[in-house]
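Student: I'd like to learn how to read the inside of a protein model. Could you walk me through it?

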Amino acid sequence: MRYKILLTGKNNAVINDFFLQMDDDFEALTTSLRYEDILNHVTYIRPDVFCYCLFNETLDDLKRIGQVKSTLDKYNIPTIIIGSEMDCSEFARATTWAANLMINTPMKAAHIASRIIRYLNRREDGEPEMPVSVDPFENALENSPNNSILSGFENISAGGAADSSFPQSANPAPSAPHSEASEIDQIFHSMQPGAGPTIKTNSARKHILVVDDNPIMLKTIKEHLHDKYDVATAISGKVALKFLQKKKTDLILLDYEMPDENGAEVLKRLRSDVLTKDIPVIFLTGITERNKIAQALVLKPQGYLLKPVDHNKLLETISKVLGV
């Protein structure tokens, strides 16, 4: 079972980990820090859990979360706080309510997933809520450099099966937030020619990666396609490129207008790398200006569809490109 988790906060490193390293356990969606955005996502998406990833939040940021607590309680959605010990302490001082679970970083992505799943499983079994304070013994084990006691559980998924596709080093660097420039450099230094491990999908179904900075659009497109295709989502080109280091896809649906790097720039990166240069790309965009369309078409995408996307037209275009 994959839990639907709604993420917000300024700790982009942890948020990216949910998309890239915890996608077997969670269907991750993001929202901005705006009160209206959070409220709308909680109301219309109804996630299984709401997660705030802290990193140097202001007092106003923390108070804003308190404003949506009544809505979270209304729909019985638990709140999880992830951040450094200092950030979590500041959160506890600034708010008048307690989170259901608080996780201190740095911590491996596999351990964060395990902690959240254990909590949700206990909750589903009707066990009484425990105090929000973090278990110091458990935290010491999960942050231990050697991790000898937990080493056999590092890649255990929600279903209990060990996933050894992407082994982790015994002493990983702490997943502290870092600049986008350094992360992009790290991505390209770590890429090596050759085929990576295949994504876990039904072999009879093609896989599609949807790249869009709008979580609502990601959800809509996924709902359009999930009956026929296996679908993964990425909230930016940077996340998509990192995803493709480890997993394969048969086709990319790429938004044009995105912050940091637009679709044309992302497609240039895809075409310049041996691992991704042959993946077919279809643009999904609301852009109608001729010069921008021309810039996109120069890169020879396999398709170009305007938003709002027509369901039948989308399926027809994908079918022509993939042949299924």
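Student: Happy to start with a single side chain. Is Phe18 buried or exposed?

Tutor: Keep in mind that this is a predicted model. Phe18 counts as buried because its relative accessibility is 0%, and the cut-off for buried is under 20%. Phe26 is buried too, with a relative accessible area of 1%.

Student: How should I read a pair of aromatic rings?

Tutor: You look at the distance of the centres and the angle of the planes. Here, a search of the whole structure gives 3 aromatic pairs. In one of them, Phe18 and Phe26 sit 5.6 Å apart, centre to centre, with 65° between the planes. That pair is edge-to-face, because the angle is over 60 degrees.

Student: Which residues form an aromatic cluster?

Tutor: Tyr256, Phe283 and Tyr304 make up one aromatic cluster.

Student: And how do I find empty space?

Tutor: The idea is to roll a probe the size of a water molecule over the atoms and see where space is left empty. In this model, the search finds 2 cavities of 30 Å³ or more.

Student: Which elements supply at least two residues of its lining?

Tutor: Strand 6 (207–211), helix 8 (215–225) and strand 8 (251–255) each do. Strand 8 gives the largest share, 3 residues. Among the lining residues of this second largest cavity are Val210, Met217, Leu253 and Asp255.

Student: What classes of residue make up that lining?

Tutor: For the second largest cavity, the lining has 7 nonpolar and 2 charged residues, with no polar ones.

Notes: Residues numbered from 1 in each chain as written. Predicted model: local features only at pLDDT ≥ 70, side-chain atom pairs only at ≥ 80, totals over all residues. Heavy atoms only, no water. Phe/Tyr/Trp six-rings, centres within 6.5 Å; stacked < 30°, edge-to-face > 60°. Buried < 20%, exposed > 50% of the residue type's maximum accessible area, 1.4 Å probe, protein only. 1 Å grid on protein atoms, 1.4 Å probe; cavity = no way out; pocket = protein on both sides within 12 Å on 5 of 7 lines; lining within 4 Å. Points joined across faces, edges and corners; volume = space filled by probe spheres on them. Helix = DSSP H or I, 4+ residues; strand = E, 2+ residues; numbered from the N terminus. Nonpolar A, V, L, I, M, F, W, Y, C, P; charged D, E, K, R; others polar.
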